[in-house]
Amino acid sequence: MNITRPTLENILDRLKTAVKKIDPEIDTSNNSLIGQILQVVADESDKTYQYAEWVKNQTYVSTAEGNALDRLGTLFEIQRNRGTKPSAIVWHEGTLPEKF
């Protein structure tokens, strides 16, 4: 199921349209009290959509992260390599400088 997440502007427009259906005379401009309340509601709704999208992404191996990725790996009996200290081997031919 592929759902397109509405933008913050889409959410706000839908809320303003819903209020205008109740009473077309209500001021929903950004400077009005109702407009400011609708902005807060739209912001919170947008956060909910973002979280829902994040949760959905945790169910796919290609987009999961952290513990969710580890849990998906157990379905295939795969364990992620844990972080290790970085190390490197360097080969140099020729004369080394005094300081490097």
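Which residues does Thr28 touch, not counting residues up to four places away in sequence?

1. Thr28 touches Lys16, Val19, Lys20, Ile34, Gly35 and Leu38, with residues up to four places away in sequence not counted; contact means heavy atoms within 4.5 Å. Thr28 itself is found in the loop between α1 and α2. Helices are DSSP runs (H or I, at least four residues), numbered from the N terminus. Thr28 counts as buried because its relative accessibility is 8%; buried means under 20% relative accessible area, exposed over 50%, and partly exposed in between, with a 1.4 Å probe and protein chains only.

2. On the source: this is a predicted model in which local features need pLDDT of at least 70 and side-chain atom pairs count only at pLDDT 80 or more, whereas totals for chains, interfaces and linings use all residues. Residues are numbered from 1 along each chain as its sequence is written, and side-chain values use heavy atoms, with hydrogens and water left out.

3. The axes of helix α1 (residues 8–22) and helix α2 (residues 33–57) come within 9 Å and cross at roughly 135 degrees. Axes are lines fitted to C-alpha atoms, for helices over the stretch in contact, and angles run from 0 to 180 degrees between N-to-C directions. The two helices, α1 and α2, are therefore oblique to each other; angles under 35 degrees count as roughly parallel, over 145 as roughly antiparallel, 65 to 115 as roughly perpendicular and the rest as oblique.

4. In the contact of the two helices, residues of α1 including Leu8, Arg14 and Lys16 meet residues of α2, among them Gln39, Asp43 and Tyr49. The residues of this contact between α1 and α2 comprise 10 nonpolar, two polar and four charged. Here Asp, Glu, Lys and Arg count as charged, Ala, Val, Leu, Ile, Met, Phe, Trp, Tyr, Cys and Pro as nonpolar, and the others, Gly among them, as polar.

5. Ile11, Leu12, Val19, Leu38 and Ala42 form the largest nonpolar core, of five residues; such a core is a set of buried Ala, Val, Leu, Ile, Met, Phe, Trp, Tyr and Cys residues joined through side-chain atoms within 4.5 Å. The largest share of this core, three residues, comes from α1. Ala42 is in contact with Leu8, Ile11, Leu12 and Leu15, leaving aside its neighbours within four places in sequence.

6. Ile34, in helix α2, is partly exposed, with a relative accessible area of 35%. Trp54 also has its place in helix α2 and counts as partly exposed, at 41% relative accessibility.
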